[in-house]
Amino acid sequence: MNTAIRIANVSKRYRIGGLHPGYMTFREMLGGLVTAPFKKRSNGQQTIWALSDINLEIGQGELVGIIGHNGAGKSTLLKILSRVTKPTTGEVELFGRIGSLLEVGTGFHPDLTGRENIYLSGAILGMRRAEIDRKFAEIVAFSELEKFIETSVKWYSSGMYVRLAFSVAAHFEHEILMMDEVLAVGDAAFQQKCLDKMHEIRQQGRTILFVSHDMAAITRLCKRVVLLERGKVTFDGEAREVVKRYLSSSLKSGASREWTDQQTAPGDRVVRLRRVRVRTEEGETIAVVDIQKPFGIELTYDVLEEGHALVPVIEFYNQEGTELFSTHDTSANWRRQPRPRGTYTSTVWIPGNLLAEGSLIGNVSIMSHFPATALHAHEPNAVAFQVVDSPSGDSARGDYVGPMPGVIRPLLKWATETNDIAASFKQEDR
Amino acid sequence: MDLETSKAVSPKLAQATSADPVLLPDSDLSNGAEIGSRDRHTLIQSEESGLQLDLGELWYYRELLYFLTLRDIKVRYKQTVMGLAWVIIQPLTTMLIFTLVFNRFVRLDAGALPYPLFALSGLLLWLFFANAVTNSTHSLVSNANLITKVYFPRMFIPAASVGAGLVDLAVAFLLLAALCIYYGVTLTLNLLLVPLFIILMALLALGVGLLSAAMTVKYRDLRHALPFIIQLWMFASPVIYPASVVPVQWKWLLLINPIAGIIEGFRACLTGGSFAWLQVSIAAAITVTILVCSGYIFRRFEHTFADVV
């Protein structure tokens, strides 16, 4: 296989400390010139290595997932690959043009029309004018914004904006594509379109780097996954193995998650998450759930803007990244009911004897279908907990203590009848 | 479906990939767009690697300069209610104020040109320079969202500010033309040299703009100092007063100030008088020197912008 990306001994150092992240004032520099001879070089400045000694080789046509906790160096690596910043040491070779779907809408200007923005943003992202000319109709058709293409994008809804932006980025002809969690935009139909587009890109044999926190998507799409931890590649291999390792370390994030600062909590102007936790019927927060006992996932959130009929949603997946199920709040009292402002607590109850043992992760979202379908808050990996099946003899495993396959473990009713031993076998329904 | 199956499904694709080691079998790609070596192979070196002006890269991205300039122009004319009118009003009012001061209160001999025309001809070029430098200085910081997200030669951001200024200048020339007709200025062959002085002024603005843009990213308070520097520079240049009023012992200052050479040369185009070729040559040499030095300095710091801005 030919190489598409070769990363050799790449490290990146950032300076932190001081009053400003990087820039200084002219006054400080002049002051520094005066005091410099009297000082040693380290004036309270610290350095951190965002990446240290990364070596990776990615072949043409490979689809490689990159995972890691926040601050593990994923975005620094992508910035180096997209040439926004240079590595402190080491070098990178790219065979082919590289484009990114990391920041849809880069270069969009609110005062320009859809048409003008397609050209501008396309050029900024590295497309040729002739290329954009050729793709223009396709981009517009993909975005479904034919009627608004001569309108300033500042009059667009946020959904329209993202659709246009994604359409431009998705029509790259670049040989290497970096993708972030862009698929979480737009309505369901548009998301499907995006997935189809990604599929098409893959079929063209282009190289894709896919960065995501969505383990199910990572395992579904990528064969090879690279795990970054504290600036180092700690695992590079088969997707399921890497994901399992990542999740077992992320399980420490725990059974309860709280956001104290409303500004940075997941959500938008309509709703903000406050707390997510796994609880027992008695109200205790638990990280380890007995397979036989029902337990609840409790969401506490602030509704900041009235008039939206909100639907809390939780998706569950296991440590292999398999999505188990998702549940939407369909209870009658708030269904299709615009909510007044306030702090709400919604709890979904998972019955005992449903899930198999293992590590489980819950993605939490809050959607609305009225006045429009929208995703207000989405927090992947909001809670993590462990389901345990102690061999007490009362659960679905009975007296068996070995490993049991499957993602669910319902305690089902068995019925057995007995007859005299007959000459022929007679099959009974269970 | 994984990639191997997808290749198996379309054997044509797989074939094309193996036939061409670097390019992908996207037929669209190989048809329309030109594929240069830059498309095929990029080497990203570390911060310590050497310094290059890399004009080839600038040429490769040339279309982007066009689109960024177009953006600057369109946005400016869309955001202001008066739009184009501002481009006329700014030099017009400045010209009227100076005419009032230097033609009514203080009698100043402006030589061959009537004072309003004299002042306007200097002000048009000066305001173009001042606005271009100011806009390019702020351009990197105000385009931080671009700089931190995509790569392209950052030089184009301040360059687009200068380019947009040229369009303003072209519009403002209508005012100058009107005034020339009003005062019955005779057309001479000297007018053919107008583009030369505009190009020199644009190159000088680009040179100074690049330098101050790069430095503003690093030293933020420079932008507060800039208006003073620019104002000082204006009074040090024969924009609103003729060079003839400068005392002999200070004349050398006009020689090393490229603005003086450019504006005087531009005025000579209108009057039909003779050009001070020595002064113009020195101005041109200084302009080119500033531009090349600024270009190198800008390139030197370019890669740090995303980390700092």
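The overall scores are ipTM 0.75 and pTM 0.69. Chain A has a mean pLDDT of 82, with 83% of its residues scoring at least 70. One stretch of chain A to treat with care is residues 36-43, where the pLDDT is below 50. Beyond near neighbours in sequence, that stretch makes 0 contacts in the model. Chain B also has its own averages: a mean pLDDT of 82, with 84% of its residues at 70 or more. Within chain B, helix α2 (residues 11-19) has the lowest mean pLDDT of the elements, at 36, while helix α11 (residues 194-218) has the highest, at 94. Residues 1-35 of chain B have pLDDT below 50, yet this stretch has 44 contacts in the model beyond near neighbours in sequence. Where pLDDT is low, predicted coordinates should not be read in detail.

Now for the sheets of chain A. Look for an open sheet of 6 strands, which runs in the order β5-β6-β7-β3-β8-β9 and has mixed pairing. At its edges stand β5 (98-101) and β9 (232-238) of chain A; each has a single partner strand, so one side of each is left without a neighbour in the sheet. Ignoring direction, neighbouring strands in this sheet are turned by 20 degrees against each other on average. For a look inside the sheet, take β3 (residues 63-68) and β8 (residues 224-229) of chain A, which pair in the parallel sense over 5 bridges. If you want a residue pair to click on, A:G65 has A:V225 in β8(A) as its bridge partner.

Further along chain A there is an open sheet of 4 strands, ordered β10-β11-β13-β16, and here the pairing is antiparallel. Its edge strands are β10 (256-258) and β16 (342-350) of chain A; again each has a single partner strand, so one side of each has no neighbour in the sheet. From one strand to the next, the twist averages 20 degrees.

Strands β14 (residues 309-318) and β15 (residues 323-328) of chain A pair in the antiparallel sense over 5 bridges, and A:V313 stands opposite A:H328 in β15(A). There are 4 residues between the two strands of the hairpin, and A:G321 in the turn has a positive phi of about 90 degrees.

Over to chain B and its helix packing. Two packed helices are described by the angle between their axes and the distance between the axes. Start with α7 (residues 85-105) and α10 (residues 156-182) of chain B, which pack at an angle of about 60 degrees with their axes 8 Å apart. The two are therefore oblique to each other, and their crossing is right-handed. On the α7(B) side, the contact uses B:V87, B:I88, B:P91 and B:L92; they meet B:D168, B:V171, B:A172 and B:L175 in α10(B). Sorted by class, that contact has 7 nonpolar residues, no polar ones and 1 charged.

The next pair is α14 (residues 258-271) and α15 (residues 277-302) of chain B, whose axes come within 8 Å and cross at roughly 130 degrees. That angle makes α14(B) oblique to α15(B), and the crossing is left-handed. Here B:P258, B:G261, B:I262, B:E264 and B:G265 in α14(B) meet a set of residues in α15(B) that includes B:Q279, B:V280 and B:I286. By class, the contact of α14(B) with α15(B) has 6 nonpolar, 4 polar and 1 charged residues.

Finally, return to α11(B), the element of chain B with the highest mean pLDDT. The axes of α11(B) and α12 (residues 222-235) of chain B come within 9 Å and cross at roughly 145 degrees. Their contact brings B:S212, B:M215 and B:T216 in α11(B) up against B:L222, B:R223 and B:L226 in α12(B). By class, that gives 3 nonpolar, 2 polar and 1 charged residues.

Key. Residues numbered from 1 in each chain as written. Chains lettered and ligands numbered in written order. Predicted model: local features only at pLDDT ≥ 70, side-chain atom pairs only at ≥ 80, totals over all residues. Axes fitted to C-alpha atoms, helices over the stretch in contact; angles between N-to-C directions. Parallel < 35°, antiparallel > 145°, perpendicular 65-115°, else oblique. Left-handed = near helix turned anticlockwise from the far one by under 90°. Contact = placed C-beta atoms within 7 Å. Nonpolar A, V, L, I, M, F, W, Y, C, P; charged D, E, K, R; others polar. Pairing = 2+ DSSP bridges. pLDDT = per-residue confidence, 0-100.
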